[in-house]
Amino acid sequence: MSGLTQGATGAQDAGMRYAAGAEHAIETPAAADATRDAGAEAGRRPARLTLPLSREDLAALRAGDEVLLSGPVYTMRDAGHERALAALDADGALPFGLDGATLFYAGPTPAAAGRPLGSVGPTTASRMDFATPQLMEAGIVATIGKGKRSAAVAEACRATGGVYLCAVGGIAALLATHVTESELVAWEDLGTEALRRLELADFPVFVAIDVTGTDLYRQVEAGVRP
Amino acid sequence: MPADEEGLARGLTREAVAAAAYAAVRACAVTLRPDVRAALEAARAAEGPESRGAAVLDRILENAAIGTADAVPICQDTGTVWACLEVGRELLVPGNVLDGVDDAVARAYRDGALRMSVLADALLDRVNTGDNTPAFTELRLVPGRGATLHVMLKGGGSDNASRVVMLAPGAGRDGVREAVLDCVREKAANACPPLIIGVGVGATFDRVASLAKHALLRPVGAPASSNGAAAFEAELLEAVNALGIGPAALGGATTALAVHLETAPCHIAALPVAVNMGCCAMRSQSVELVSWETGAPAAEKGGAR
């Protein structure tokens, strides 16, 4: 790397390479609606959704759908969940205006290559299961992570009309090309575990648990082939 | 074999170990191991052309290209650093040979804009140390006169998906097989598949985990040295991939790229089994610091993988 300028050029190239290499990933919302019934079929076209997610958006998602997200999400991990629960207990409401927000279980690397984050990707979601039902009841509408969730989280999705979305683990350099802004909101002392607002642009995720409580990972385990 | 210190080969220094550790951390964080990349490309060809598994593998390969082109980490979890110095018994080893590793790690994580993921104490002081130290180091004595530094950046997701099971000897080969498959069924989705699965069988409670971890250093798919172990590796890989968990655990033919098995002697009452999950971004490098052939300090960057 000879400097930031070269890095920024590389970032743009990377984003373009990704878009060009996955032409099925870019879609108009209308066409996406038309193909949504394809459910778990391979090669179905992803819907593009704008955050924060509306109740209508959430209700239309089905386990196995691929979705491209644009708009704000908030990073929160293990230590942050303990603080969020403490704030909820103390005030009876989510802190920092998180009502209606989507949480992203992620601890990014610092800015690099002309991007606000060098790399960012999902961490294991089940570590947050202890807090998720309570946070969803308080107003969190979606969470983004990787891996299976508890039955209690699936039930919380069903009961609150929310979803659990999974991102692919191990592609954090690519996912960072779909993050356009990063802003520290709170808990700076937690380092990478701080609460950050990220602005996403066509960030690729799959619906892992939908509003009916249907679970993509369990479907895969049961042999429902994608 | 030389009988006294005078006859032992010299040439392994604390400075050389620290320099190798620094370079290895920087390289591992942003570069996919070439053997892992080749295995992922082969796996891509094995998935159906329109499948979700193929789409996931395309992204993993694209991610590796971005990491290299932009010098950014291929995974945001740049891990804890494990540094294992393997030295031949015919080599004179200074007692401070690992003392420069923590400083090298701190500089590499700062210079590389890598993530700081280490807490001061697991139970009593869960505060981020801020420089990703301490590294977890070990010194391993083996026959010969060379020295190799193995460096691995191990993410939390894949290590959390790992386990040690103390089976009864009567469980036998089938018991070992089920222990591995249970771990994959329960935890593969958290460990970022396609996986490299390190399996240790034998030794003691503490050592069996080390066997499984060292197995991850082997080039992907290179069979174990004994025919029996190699045959069991092939059997385990087939059984793991028959589960259909697939890339990113979203379904497909390739749940694991390889199963690497290391076995050892053990107590008559014991059948220890360890599974150490390696993720699709498996980051390690083995750097020869002193030539195993000549006992002379190796050329710069020699033997790096």
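Two strands count as paired if DSSP finds at least two bridges between them. Helices (H or I, at least four residues) and strands (E, at least two) are DSSP runs, numbered from the N terminus. This is a predicted model: local features need pLDDT of at least 70, side-chain atom pairs count only at pLDDT 80 or more, and totals for chains, interfaces and linings use all residues. Residues are numbered from 1 along each chain as its sequence is written, while chains are lettered from A and ligands numbered from 1 in the order in which they are written.

Chain B has an open sheet of four strands in the order S4-S1-S5-S10. Its pairing is mixed. Strand S4 (136-142) and strand S10 (283-290) of chain B are the edge strands, and each pairs on one side only. Neighbouring strands of this sheet are turned by 15° against each other on average, direction ignored. Such angles run from 0 to 180 degrees between N-to-C directions, and axes are lines fitted to C-alpha atoms, for helices over the stretch in contact.

Strands of a sheet pair through backbone hydrogen bonds, either parallel or antiparallel. Strand S1 (residues 80-88) and strand S5 (residues 147-154) of chain B pair in the antiparallel sense, over eight bridges. Val81(B) has Leu153(B) as its bridge partner in S5(B). Helix H1 (residues 14-30) of chain B packs on this sheet. H1 of chain B touches S1, S5 and S10 of chain B, and its direction makes about 155° with that of S10(B). Residues are in contact if their C-beta atoms, placed from the backbone, lie within 7 Å.

Strand S7 (residues 195-203) of chain B pairs with S8(B) in the parallel sense over eight bridges. Which residue in S8(B) is the bridge partner of Val199(B)? The partner is Leu261(B).

## Helix pairs

Helix H2 (residues 34-46) and helix H3 (residues 52-70) of chain B have axes that come within 9 Å and cross at roughly 155°. That makes H2(B) roughly antiparallel to H3(B). The scale is as follows: angles under 35 degrees count as roughly parallel, over 145 as roughly antiparallel, 65 to 115 as roughly perpendicular and the rest as oblique. H2(B) passes H3(B) in a left-handed crossing. A crossing is left-handed if the near helix is turned anticlockwise from the far one by less than a right angle, and right-handed if clockwise.

On the H2(B) side, the contact is made by Arg37(B), Leu40(B), Glu41(B), Ala43(B) and Arg44(B). H3(B) contributes residues including Leu57(B), Asp58(B) and Leu61(B). By class, this contact of H2(B) with H3(B) has seven nonpolar, no polar and four charged residues. Ala, Val, Leu, Ile, Met, Phe, Trp, Tyr, Cys and Pro count as nonpolar, Asp, Glu, Lys and Arg as charged, and the others, Gly among them, as polar.

Helix H6 (residues 172-187) and helix H8 (residues 227-241) of chain B have axes that come within 10 Å and cross at roughly 35°. H6(B) passes H8(B) in a right-handed crossing. Arg177(B), Val180(B), Leu181(B) and Val184(B) in H6(B) meet Leu236(B), Ala239(B) and Val240(B) in H8(B). The contact of H6(B) with H8(B) has six nonpolar, no polar and one charged residues.

## Two domains in chain B

The domain assignment of chain B gives domain 1 (1-31 + 74-154 + 282-305) and domain 2 (156-278). These bounds come from an automatic or database domain assignment. The centres of the two domains, taken over C-alpha atoms, are separated by 25 Å.

Their contact takes eight residues from domain 1 and eight residues from domain 2 of chain B. S5 and S10 of chain B each give two or more residues to the domain 1 side. The largest share of that side, three residues, comes from S5(B).

Definitions and conventions
Contact = placed C-beta atoms within 7 Å.
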